[in-house]
Each structure stands twice: as C-alpha cells, then as structure tokens.
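Biologist: I have a structure open and want to learn how to read it. Can we go feature by feature?

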Amino acid sequence: MDDARDHDRPDLDPALLRAARTARRVAVLTGAGMSAESGVPTFREPGEGFWSRWSPEELATPEAWEDDPQLVWSWYLWRARQVRALAPHAGHRALAAWSRGARVEVVTQNVDDLHERAGSAVLAHLHGSLFAFRCAGCSAPYPAERVPGLAPGAAAPGGEPEREHPPACPACGGPVRPGVVWFGELLPEGALDRAAEAVAAAELVVVVGTSGLVQPAASLPLIAAGRGIPVVEIDPRDTALTPHADFTVRAGAARALPLLVPGAAAASC
Ligand code: OAD
C-alpha cells in the first residue's frame, strides 16, 4: 500500500518512539532516498531516477569502464560536482544529533558525503565514495583536491555531464577511476562485516530510503529481523523491505528523522 495521507505529518507509533528513546545502540541503513531532499536524485524512481535517464550497464560496471573510461569518468565527476554544491538536510542533522546521546552506527549505500558533512561518522560506505578516487591500474589513491571542480563552494555543474579525460596516476600513469563500487565488483574490504556486526548488535535498526533491491545491502535488515531486533522503515513508498519492518513511517527522511530522533525535532525548528 502506498498511503500518501500522512506524508506531511506522519504519526509515529508510540512504541516506535519509545524504542528510539531507549535504544542505546542503533544501526541506521541509508539509501538514495536519504539524500533525495538534499537534491541528489535516487536511482529507480520513475522519471527522475538516474537509472531512468541512463543505463547502469553503460556507466556502473567494470565493462563500461573498459569500453569508455571517458564517459564513465565524466558521469561520476558530474555527480560528484552536483553533490559538492548540495547540503545535508534536517534528517542528516538529526542522525548526527542522535549519535551524541546513543551509539548510532550509520551504514550507507550512498556515495555522497552528506552524512559526514552533517556531523555523522559513517561506519561503512558499502558502495564506496564519489570522492575516493584511485588509479585503475595500481590502486594508488588520487586526492579529490586535484580533481577540478570539487573544491568546497564550487559552482554546480550543468544538467548533463560533459566529456572529460580521467587524470593520469602520478605513480604509474594509469587512468584514475571513481572510487565507487560497480555492479559485479566486491564491496570495500571489511565494509559488509562492519555493517552486519552493527546490525546484529543494535537495539533498533532504522532503514531509510532504499528500495531494497541491491544485494548484499538489502540483506542487512533481515539479520535484524531474524534476531528479533525491531526494524523501522522510513520511505514514502512500500519497498522490498517493507514486509520485514516492524514499523513503517511513510514520509521523507527530512521530515521523519527529526520526529523519530529524541530531542531532534525541537532542535531542528
Ligand atoms: P533506489 O533508487 O533504488 O531507491 C530509493 C528509495 O528511496 C525508494 O524506495 C524511494 O521510495 C525512497 N525515497 C525517495 N524519496 C525519499 C525521501 N525523501 N525520503 C526517504 N526515502 C525516499 O536507491 P537505493 O535503494 O539506494 O548502487 O539503490 C541501491 C543501489 O542501486 C545504489 O547504491 C546504487 C544503485 O544502482 C550502485 O550504483 C552500485
């Protein structure tokens, strides 16, 4: 069911508010919907989602990079520049505030840095980062400061990526690639283990803005469900994870998180 009635004023279940108030350890699993109200498009929403406008096969696979590194580089650089020009919202700030009163471990599929800029330490970036460039040949890191157009305060890019060459690695001369995880690639070392441990040790698991269609991230809430740890889903729509949630909040993250996090609603007014 997609119930639009209470998107603006979600009534949070008192049992959920109690769980949020008393949990000493919380795992927060975020997806593209977490960043949507900052202006970052999601992937699968009809019309505006990235995968409605572009093909993941042509941009987000090792084969795509082999075929046309310039195209892939330009697309991810365009996205990184978009993110640089955007800011975290009240939901990001609520999570950062929560971590001052409880152990809140943020695990994200997002490749932006909006959690960090709001003040959260991210336990695991399951799909890497738009700002962690590395050499495609020797894997040497390549500092984001050396990539044009990524300085804080840089102007937002236009509506379409423009073709640019990937820089050359100073160590070996190989092409520099985006530090994101493409379909068919392994997750960053240790990221999934850290995430699974955080979920298993949590007293409450908060899932925000993911369709739950991409593995292995989508399996994390099931660890909680299997252990009887309460799971809350924050998403305007039903998702593949909804059947595993004990609570659902049908609202956007910027509205719902300040209401859920103890003390955050007052602070965000
Ligand atoms: P999707 O685009 O698949 O799903 C986004 C979810 O966010 C949907 O369930 C929306 O209903 C929800 N949503 C939209 N606006 C929201 C808001 N304001 N607040 C809360 N939720 C909102 O994105 P992901 O599930 O994150 O991977 O996609 C997973 C992975 O697929 C991505 O990390 C990316 C993509 O291909 C790679 O590129 C490897």
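Biologist: Which atom of the ligand is 2.9 Å from an N or O atom in the side chain of Trp51?

Modeller: An oxygen atom. Such a polar contact is a pair of N or O atoms within 3.5 Å. First, a caution: this is a predicted model, where local features need pLDDT of at least 70, side-chain atom pairs count only at pLDDT 80 or more, and totals for chains, interfaces and linings use all residues. Residues are numbered from 1 along each chain as its sequence is written, and side-chain values use heavy atoms, without hydrogens and water.

Biologist: How do I read a nonpolar core?

Modeller: In soluble globular proteins, nonpolar side chains tend to be buried together. A core here is a set of buried Ala, Val, Leu, Ile, Met, Phe, Trp, Tyr and Cys residues joined through side-chain atoms within 4.5 Å; buried means under 20% relative accessible area (1.4 Å probe, protein chains only). The largest has 29 residues. Trp98, Val206, Ile234, Leu257 and Leu260 touch the most other members.

Biologist: What does Leu257 touch?

Modeller: Its contacts (heavy atoms within 4.5 Å) include Met34, Leu95, Val206 and Ile234, leaving out residues up to four places away in sequence. Another core, of 28 residues, lies apart, with Trp51 and Trp73 among them.

Methods
Buried < 20%, exposed > 50% of the residue type's maximum accessible area, 1.4 Å probe, protein only. Polar contact = N/O pair within 3.5 Å; in protein donor to acceptor, adjacent residues only side chain to side chain.
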